Amino acid sequence: MQKHLLTMRVNGEQVELAVRPNATLLDVLREDLELTGVKEGCSEGACGACAVLMNNEPIRSCLTLALEANGAEILTIEGLATGGRLHPLQEAFVEQGAVQCGFCTPGMILSSKALLDRNPQPNDEDIKTALAGSFCRCTGYAKILEAVRAARDGDVGNEGS
Amino acid sequence: MRLPPFEYQAPSTLDEALKIKRGQGAAAQILAGGTDLIVNFKHRLFSPATVISLNNIAELKRIEVTHDALVLGAGASLAEVASHPAVNEHFPILVKAIDSIGALGIQRFRGTIGGNLLLQPRCIFYNQSHYWRMSKGLCHRTGGKDCLALEGSDSCHSICSGDTVPTLLALSAQLALAGGGGKRVAPLAEFFTGRGESPWNIMPEEILTEIRIPLPWAPISWSYQRLALRPAVDFPLVNAAAAAIVEKGKLEHFRLVIAALGPAPMVLREVEARLKGAAPTREALDLAQDAAVRVAEGVVVANASASKEYRIQMAGALARRATGEALGLA
């Protein structure tokens, strides 16, 4: 297999590396770039743990060849906090207790970010549709829904108050 | 889960892609969105020598309205099709069908309209890991000579599972395919072979380029019905689409399609012939239901996550609902 040059922006930084054609975006993000916030769950697209944003759209990194991301802008959970401050969605997940084992959390938060960027005032149905196909095996869905609602309403940063 | 080894090419024009396909034929596999194909690779259902990505071919992503048709580039993403103003204006049924596909985070932005149409037919004995399949015999699609769902069958009964298939068929869509001898246009109705091991009338050197939907001469009333265990992620257990044109109280055009039953979608022509020209009445509902059950009985085998008998009865129920909604009788 001939390696190909892959150029993309990951979390705001330009990266360039040679990759095998049969490497998925998940493989490259986790193994080459050591962004282990991207999780491998089912590896068949059904669970949502590997969700990242490609050009602001939620996609499954396990179903995307790394080379298909050539020229794209990728956002993983590692790129969400700015200047040491958590993103409001991350804060909301912490404050609402929407994280249990945490394995689904990166995918949940990134999918929610894509939703809020597209539709800043989603109703419960919109949120559920955006998160359908993202599985939380701790079954903490009610708290996840509350966290997205809180982020939508700007109801974050209240911890300890 | 690892992918099998393959070479990768991402040409920027259709001509280049066709040239590679001509050179390698079936050994080169076309990759559009990959949301289903990559899973099939991981399960070792396909191990192509070369993967040809259509990602860089802008001409395959065009959506345009000509004087008589809506033309969808086969590589247009499901999100692009579903949000296009012309699609929403002329064919909201297609938007409904696309909305029902899997989940937003899986297929919506990566999946393509051509890919949904050319979704590999599915079977519970086929869409499994290599490890799982090792415990069963081979079937028509994996190099054997039998069907694991219907012993002694001389062909494969995998299920055509694309949500847009019955919809596009109800809208009398045509396909444009490019190949060695230039472009050809074929009715979608003639595209399916009914054999799961080679489900489409497509040559190894051909690439699906466009889906053309004729603009209706009068307003269409329509219905898309789908049954699945869970609305998200799951493929349909049965689906149905109906399109009708009613003028001055008379049914001028009617088409009813049921699918997700066997390798080919089924157009219920007999219902169409019986209803055309008459005023729509509730008798149409019984007619559609009975015809759908009869057709389903001849097609459905025990190869999905619901029983054969249930899927046959539900084909009738969905044909009834689709007819009722399209004819305003519901």
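How many residue pairs are in polar contact across the interface of chain B and chain A?

A: In this predicted model, the rule finds 15 residue pairs in polar contact across the interface of chain B and chain A, with both residues of each pair at pLDDT 80 or more. On the chain B side, β1 (7-9), α2 (37-42), β3 (50-53) and α6 (104-108) each supply at least two of the residues that touch chain A.

A:Asp27 forms a salt bridge with B:Arg2, and the closest N and O atoms of the two residues are 2.8 Å apart.

As to extent, 31 residues of chain A and 29 residues of chain B take part in the contact. The two chains, B and A, bury about 2,500 Å² between them, and carbon and sulfur atoms account for 57% of that area. Within chain B, the residues that lose the most area to chain A are B:Tyr8, B:Phe109 and B:Arg110, which together make up 24% of what that side buries.

Some local features of the individual chains may be set beside this description. In chain A, strand β1 (residues 4-10) runs antiparallel to strand β2 (residues 13-19), and seven bridges join the two. A:Met8 of chain A stands opposite A:Val15 in β2(A). The two strands, β1(A) and β2(A), form a hairpin with two residues between them, and A:Asn11 in the turn has a positive phi of about 50 degrees.

A positive phi is also found at A:Asn56, where the value is near 70 degrees in a residue other than glycine. A:Asn56 is located in the loop between β3 (51-54) and β4 (57-60) of chain A, and A:Asn56 counts as exposed because its relative accessibility is 54%. In chain B, B:Ala260 has a phi near 60 degrees, again a positive value in a residue other than glycine. B:Ala260 is found in the loop between β11 (250-259) and β12 (266-267) of chain B; with a relative accessible area of 1%, B:Ala260 is buried.

Finally, A:Thr105 lies in helix α3 (residues 105-118) of chain A. A:Thr105 has a relative accessibility of 10% and therefore counts as buried. Leaving aside residues up to four places away in sequence, A:Thr105 touches A:Phe93 and A:Val99.

How values were computed:
Residues are numbered from 1 along each chain as its sequence is written. Chains are lettered from A and ligands numbered from 1 in the order in which they are written. This is a predicted model: local features need pLDDT of at least 70, side-chain atom pairs count only at pLDDT 80 or more; totals for chains, interfaces and linings use all residues. Side-chain values use heavy atoms; hydrogens and water are left out. Two strands pair if DSSP finds at least two bridges between them. Helices (H or I, at least four residues) and strands (E, at least two) are DSSP runs, numbered from the N terminus. Buried means under 20% relative accessible area, exposed over 50%, partly exposed in between (1.4 Å probe, protein chains only). Contact means heavy atoms within 4.5 Å. Buried area is the accessible area (1.4 Å probe) that two parts lose on being put together, summed over both. A salt bridge is a side-chain nitrogen of Lys or Arg within 4 Å of a carboxyl oxygen of Asp or Glu. A polar contact is a pair of N or O atoms within 3.5 Å; within protein, one must be able to donate a hydrogen and the other to accept it, and residues adjacent in sequence count only if both atoms are side-chain atoms.
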